Amino acid sequence: MALPRGLAGTIGTAARAARVRANLTQEDVAERVGLATEVYGRLERGGMLPSVPTLKKLCEILRIPSDVLLGLTPAQENFWTKEPAPRPVEEPGEIRRLVRTVKRLEPAEFRLLSLMATGLLRLRLIRQGRSSEDSSPS
């Protein structure tokens with residue numbers, strides 16, 4: 001069955017614009033919606049139509065009205081300038097990527113990473129202690 005490229009393209013273009021405005025990556029949105037990153041990328045390129053539950057999640061995550069996502073509301077309406085719903089403070093992209101990577105680790109690998117991070121923090125404290133001792137007058 002051929003996809004209606006017009007609607008798929010409209011949804012993809014609107015989703016991409018909303019994602020960029022929200023300062024999210026495709027991987028961020030895909031994870032929150034529950035899609036593989038490749039599938040979400042295909043959606044943004046207009047290569048597929050989302051299911052109704054996925055469309056609803058996209059609207060919620062990207063804070064975009066369904067009318068705009070479906071191309072039913074004129075593009076000149078600046079819906080994103082309306083007062084947004086309060087949402088938690090976003091972590092920087094590097095932190096989100098690190099968390100996604102850590103979630104894929106095996107328990108033993110996670111414990112090793114945790115020990116390494118703790119060791120790095122201790123080393124920093126030791127170095128900071130030495131640098132403050134070095135700068136104090138004798």
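Q: Why is Arg63 called partly exposed in this predicted model?
A: Its relative accessibility is 37%. Buried means under 20% relative accessible area and exposed over 50%, with partly exposed in between (1.4 Å probe, protein chains only); Arg63 therefore counts as partly exposed. Arg63 is placed in the loop between helix H4 (52-62) and helix H5 (66-69), and its C-alpha atom is separated by 9.2 Å from that of Arg19, 44 residues apart along the chain.

Q: What makes H2 oblique to H4?
A: Helix H2 (residues 26-33) and H4 pack at an angle of about 125°, with axes 10 Å apart. Axes are lines fitted to C-alpha atoms, for helices over the stretch in contact, and angles run from 0 to 180 degrees between N-to-C directions. Angles under 35 degrees count as roughly parallel, over 145 as roughly antiparallel, 65 to 115 as roughly perpendicular and the rest as oblique, so H2 is oblique to H4.

Q: Which residues make the contact of H2 with H4?
A: Val29, Arg32 and Val33 of H2 meet Thr54, Lys57, Leu58, Ile61 and Leu62 of H4, where contact means heavy atoms within 4.5 Å.

Q: How many helices and strands does the chain have?
A: The chain has 7 helices and 0 strands; helices (H or I, at least four residues) and strands (E, at least two) are DSSP runs, numbered from the N terminus.

Residues are numbered from 1 along each chain as its sequence is written. In this predicted model, local features need pLDDT of at least 70, side-chain atom pairs count only at pLDDT 80 or more, totals for chains, interfaces and linings use all residues, and side-chain values use heavy atoms, with hydrogens and water left out.
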